[in-house]
Amino acid sequence: MTASVAISERPRLAAGASLKRNRRWALVTSYVFLILFAIFFLTPPYYMIVTSLKTDAEVAHLATNPWIISSGVTFEQYRLLFQGTDFLIYFKNTVIVTLCVVVISMVVSVLAAFSLSRMRFWGSGILATGIFLTYLIPDTLLFIPLFQIVRGLGLLNSYWSMVLVYPTLTVPFCTWIMIGYFQSIPKELDEAALIDGAGHMQMLLRIFIPVALPGIIAATIFAFTVSWAAFVYPIAFLFSADQQVLTVGTVTSLIKADVYKWGMLMAGALVAAAPPLVVYAFLMDYYIAGLTAGATKG
Amino acid sequence: MAEVALHNVTKRYDEVDAVRSISLNIPDKEFVVLVGPSGCGKSTTLRMIAGLEEVTAGDIVIGGDVVNDVPPKDRDIAMVFQNYALYPHMTVFENMSFGLRLRRIPKPEIRARVEQAARILDITDLLERRPKQLSGGQRQRVAMGRAIVRNPKVFLFDEPLSNLDAKLRVQMRTEIKRVHQKVKTTTVYVTHDQVEAMTLADRVVVMNAGRIEQVGRPHDLYHMPKTRFVAGFIGSPAMNLLPGRLEQNGEGLNLRLSEGLAFPVPESRVARYRPSAGKDLTFGLRPEHITEPRGEGRDPRCEFTVTLDVVEPMGMETMVFFTVNGAEICARVEPSAATGPGQPMRLYANLNHMHLIDPASDLVL
Amino acid sequence: MVDLARQYPGGLAEPAARPRASMQRFLRRRSTIAVLMCLPLIAIVAGLIVYPALYSIYLAMLNKAQTRFVGLGNFAYLLQRDTFWMVVQQSAIFALSAVFFKALIGLITAHLVNNLPSKGQRKWRGMLLVPWVIPLALSTLGWWWLFDPTHSAFNWIIQSFGGNEIPWLSNPYWARFSVILVNVWYGAPFFLIMYLAALKSVPEQLYEAAQIDGANAWQRFLHITLPMMRNIIAITVLFSLIVTFANFDIVQIMTAGGPRNMTHVFATYAFLLGIRSGDLPLGASVSLFMFPILAISAMFILRGVRKRGREIG
């Protein structure tokens, strides 16, 4: 038993600053840099909001600080947007297209994912890898031949052509997400269900879908966001205002007589961006799960 | 000099005290085992010694220096984790030499030290493999090799055998003891398995709910537990504990366990227990001290007959279970002497090994 | 399944019922159901992805009016035009630099967020992901306004400090910079999310073991974090290379390929030639130039990923 020596007399090994102080320094620097990055990421949306609330006169005025609103907040731009342009038509079209595409995508991908993850048949492995590979074929390669095909089907300049081609953007990745989620369901659940007398359809509807609900929500959000934001296909296949969707409509058709009414344009962009942002705000975790599920489970 | 000392060390997480002001002195080269149930604070204590957790209050002293503010890499310690924590992308050789490479030790010396450690642990032909290709026991050895190679002041083990199957665990226990005899370094070892503690340790520290219940050599903890917790924790199967009353019986004392069952207290203990006569106490006796009547010079008043509930033949001995006053009691008897479930059997209680515990303070008298 | 034929040797079922029974059994068989469930997916993939991809090869070998077969004529024509080579150069610069900066910013921000106490991480992650959530076409519109020649808010700040205004979109080299900037702004959050998830998947005990072995923060990053993350870094870079290479929205909206065709990438050039000018075959050949580059990079990165996956397990 060592003789007890008063603690203050023991030599203290202080290798530099104390651990606690180091940790606090690291935290402060982290916050500083994070704030800088946050400013970088949030500046454009902020500026868009600010612009949309200004009067035309203030927008055009060059001398005042464009980053703040100095002559009073106005909702005039939004009123003009809804009453004086085709914006609401674009909105309606986009809603119809997106709804149809989400339903189609989820039905197709859930069925396929259930089949590929649970039932083994000749070619199922090849098909699963194939889906991963088709995701690598970008829309900017397909839009030219698809233009020809869509024209041949008589669907050019109709928003139903979007319902036809958008699934190419959503179905491969949604299937991949769902395969990952389905595979994580233990096989014992299947076996218990089979013993209880369930058929395949019942197993899918009563067991898989409820248990994999987070994955389904994540995939649905993904399909929604991609459809809502699609730009290449609409700008290539749609020409008239009554068929146009939000992304293209806001960017190209809101310009009246060569005058860029930026206040109204920003208002339009914000309203058009609102649905994905709202979904994100409320379902952020599912949103992110959809993104990461694909890559990390792959 | 690599002794380790803890002075009133406390660890607080938000509202909870995981470790409450414990003090401990570990002399150089000693193998100390911290043992206790889940959540008793043993792992937290080990991690504070390692520097992986901050100390809320108190001091940790390694080799005479207070190391509270010293980062792990400067404490000259080595640790073996429960999950081995081997770097999956490096070979066994690279895993073991990582710490040395960081300190810029010249390559020939690295090679010599790694090969020497590999010889001690018998893993020389595994040096070029990756962790994924090794079995559990092999990974454990590599983890130990990584620790040995560093030649530290203190070895820290955090439940290293918990992930191995029973047979392998027994083998590795012997390995660890053998290595400790060869590489005589102060060792602090954490486990929840009291058998491991008893077989490996020079001294055992029994912890419960953040406090040290008792520190001592395995033999002392087994035969002379100081608290109810230690009495019930050490020894497998656990000590039988049941309520009883100490009665005056002329010059001597009787321990009454139920209406029909009372034992005379051995003369050697009467003086110690006399002040507690008349009280309700907890009586403790290990199963190995309740047997079929055997041996010379036994007190016939310590023999009794009970109806057995369950009989478990273990091969070398048979465990019989019966009920006294609502409590289930276990006894270890010769296989040939055991009767059967539902049958009566005559047993003998060797009260020279009895313990009495004050239920109010949970201290052993 | 009771063999009725054995119990009733005379034959139980009428001859007409037997084909129906075997058809039902075929439909009920597991593998049949499985294939049926996959049919919609196969139809979409085959009809709307594989077939058009192959068709575009055929299409690229026709003349503008699509009446004659011209073989590799379109490709030869492109290879001789300076504009096309500029498109190749710009696409490469655009993709490589944008992906590099996105990955770098993603890695740095992931570490910064990971260092925060876990309660605050969710908030910051939520804020930093916003660029990715806003549809790219719409945020590009916002950037366009920020870069507007007369009203640029950035220029206002620069001029307040006494500097000269920057021709963000009218000078070719600044235009290239702006396009890359917007792409990095938009894509970095994706890398942040991916790398944050990857950082969290590295077992804490590995870092503790390294700490005890004597590694400081930078050494832990170099020897533990990076090797463990090599897989996810490869996958994200691959995906991003493909997506960035094929990017359309940003260039089309902000510069439409100008000034002087110097910001054109494959996608916008194909759009210009194929849709706007009506020469589908030529547009198809431009698009097809993307494919070999994408396929080769995909192959390399996937091979490396699979090899390391086997090592680490």
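**Strands, contact and confidence**

Reply: Strand β11 (residues 240-249) of chain B pairs with strand β14 (residues 280-285) of chain B in the antiparallel sense, over six bridges. Strands are DSSP runs of E of at least two residues and helices runs of H or I of at least four, numbered from the N terminus, and two strands pair if DSSP finds at least two bridges between them. This is a predicted model, where local features need pLDDT of at least 70, side-chain atom pairs count only at pLDDT 80 or more, and totals for chains, interfaces and linings use all residues. Residues are numbered from 1 along each chain as its sequence is written, while chains are lettered from A and ligands numbered from 1 in the order in which they are written.

Me: ok, which residue is the bridge partner of Leu241(B) in β14(B)?

Reply: That is Gly284(B).

Me: and how many bridges join β11(B) and β12(B)?

Reply: Five, in the antiparallel sense, with β12(B) covering residues 252-258; Arg245(B) stands opposite Arg256(B) there. Their hairpin has two residues between the strands, and Gly250(B) takes a positive phi near 65° in it.

Me: switching topic, how many residues does the contact take from chain C and from chain B?

Reply: It takes 16 residues from chain C and 19 residues from chain B, where two residues are in contact if their C-beta atoms, placed from the backbone, lie within 7 Å. On the chain C side, α11(C) gives the most, with seven residues.

Me: what pLDDT does chain A average?

Reply: Chain A averages 82, and 89% of the residues score at least 70; pLDDT is the predictor's confidence in each residue, from 0 to 100. Over residues 1-17 of chain A, however, pLDDT stays under 50.
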